[in-house]
Amino acid sequence: MTTVSPDTGVGPLLRDWRERRRISQLDLALRADSSARHISFIETGRSRPSEDMVLRLAEQLDIPVRERNALLVVAGYAPRYAQTPLDDPAMASVRDGLDRLLAGYEPYPALVVDGRYDVVAVNRGIALLMEGVAEELLTPPLNAMRITLHPAGLAPRIRNLAEWRADLLAQMERQIALVRSPELRTLYEEVAGYPVPERADRDADGRGTGRGRERTPSFALPLVIEHGGQVLSFIASIATFNTPMDVTVAELAIETFLPADRETAAYLRELLP
């Protein structure tokens, strides 16, 4: 949840978003069909923006849906976007679509997380990789960052943990800067404080060492992880919903792991036919 001080007006909040996006008042005015003078008046509190203007500026500044609701409340208007629980009957089509997508990606790993990195759904590929993870980490709500970076989770089996850990923490830092969530900040401080297993440095370049294994493609940072004595290599991608009108849907992310070599693909096809 985003925390907004009651003493903070909508003007300073909009100015902060504009500065973070590195957009001038003139550029924002042109994009929002307004004037630089009016934008200046809004930011300094000399003019109260209409509900439509708040939404237009939020759209041009690419402000997350949850934050748009916060801006509307601070400006004196009702929230515009609902936050429907994923288990609500109204979300049945979303759940069904996600389940079909995850199943269709098998045998390769894929999962869905929310804005706190809590796991919403996984497929058999992810379940396979999570074999051996401590039970304490598998008690709902499962959290993808804890499972990945905890010493009792996947961390000891990740061959390029130093690089992968740094990438995940940087991802969280960007998210915290975007949404200013105290819950996310607490999670970040927790996982950043986990001790790094000593064996994490044994294969620093992240390359597999199995016989016949090709070099991992260098176009993206791979996740190189052991399973059953086999070294597997994946390239991860993240997808979100386009133009969501619900906070819950807006914060869902679908992460898929594409095999980075033929050996990984063959291994998964053999175990998950």
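Colleague: Which strands does helix H12 lie across?

Modeller: In this predicted model, H12 (residues 262-271) lies across S3, S4 (230-239) and S5 (253-259).

Colleague: At what angle to S4?

Modeller: H12 runs at about 95 degrees to S4.

Colleague: What is the strand order in the open sheet?

Modeller: The order is S2-S1-S5-S4-S3, five strands with antiparallel pairing. In general, strands of a sheet pair through backbone hydrogen bonds, either parallel or antiparallel.

Colleague: Which strands stand at the edges?

Modeller: Strands S2 (119-122) and S3 (222-227) do. Each has a single partner strand, so one side of each has no neighbour in the sheet.

Colleague: How many bridges join S1 to S2?

Modeller: Three bridges join S1 (residues 110-113) to S2, and the two run antiparallel. Val113 stands opposite Val119 in S2.

Colleague: And how far are neighbouring strands turned against each other on average?

Modeller: By 30 degrees, with direction ignored.

Colleague: Changing topic, to helices. At what angle do H9 and H10 pack?

Modeller: H9 (residues 161-179) and H10 (residues 182-192) pack at about 160 degrees, and their axes are 10 Å apart. Angles over 145 degrees count as roughly antiparallel, so H9 is roughly antiparallel to H10.

Colleague: Is the crossing left-handed or right-handed?

Modeller: The crossing of H9 and H10 is left-handed.

Colleague: Which residues make the contact?

Modeller: On H9 they include Leu169, Met172 and Ile176, and on H10 they include Leu184, Leu187 and Val191. Arg165 and Glu173 of H9 also take part, as does Arg185 of H10.

Colleague: How do the residues of that contact divide?

Modeller: Into nine nonpolar, one polar and three charged, for the contact of H9 with H10.

Terms used:
Residues are numbered from 1 along each chain as its sequence is written. This is a predicted model: local features need pLDDT of at least 70, side-chain atom pairs count only at pLDDT 80 or more; totals for chains, interfaces and linings use all residues. Side-chain values use heavy atoms; hydrogens and water are left out. Axes are lines fitted to C-alpha atoms, for helices over the stretch in contact, and angles run from 0 to 180 degrees between N-to-C directions. Helices (H or I, at least four residues) and strands (E, at least two) are DSSP runs, numbered from the N terminus. Angles under 35 degrees count as roughly parallel, over 145 as roughly antiparallel, 65 to 115 as roughly perpendicular and the rest as oblique. A crossing is left-handed if the near helix is turned anticlockwise from the far one by less than a right angle, and right-handed if clockwise. Contact means heavy atoms within 4.5 Å. Ala, Val, Leu, Ile, Met, Phe, Trp, Tyr, Cys and Pro count as nonpolar, Asp, Glu, Lys and Arg as charged, and the others, Gly among them, as polar. Two strands pair if DSSP finds at least two bridges between them.
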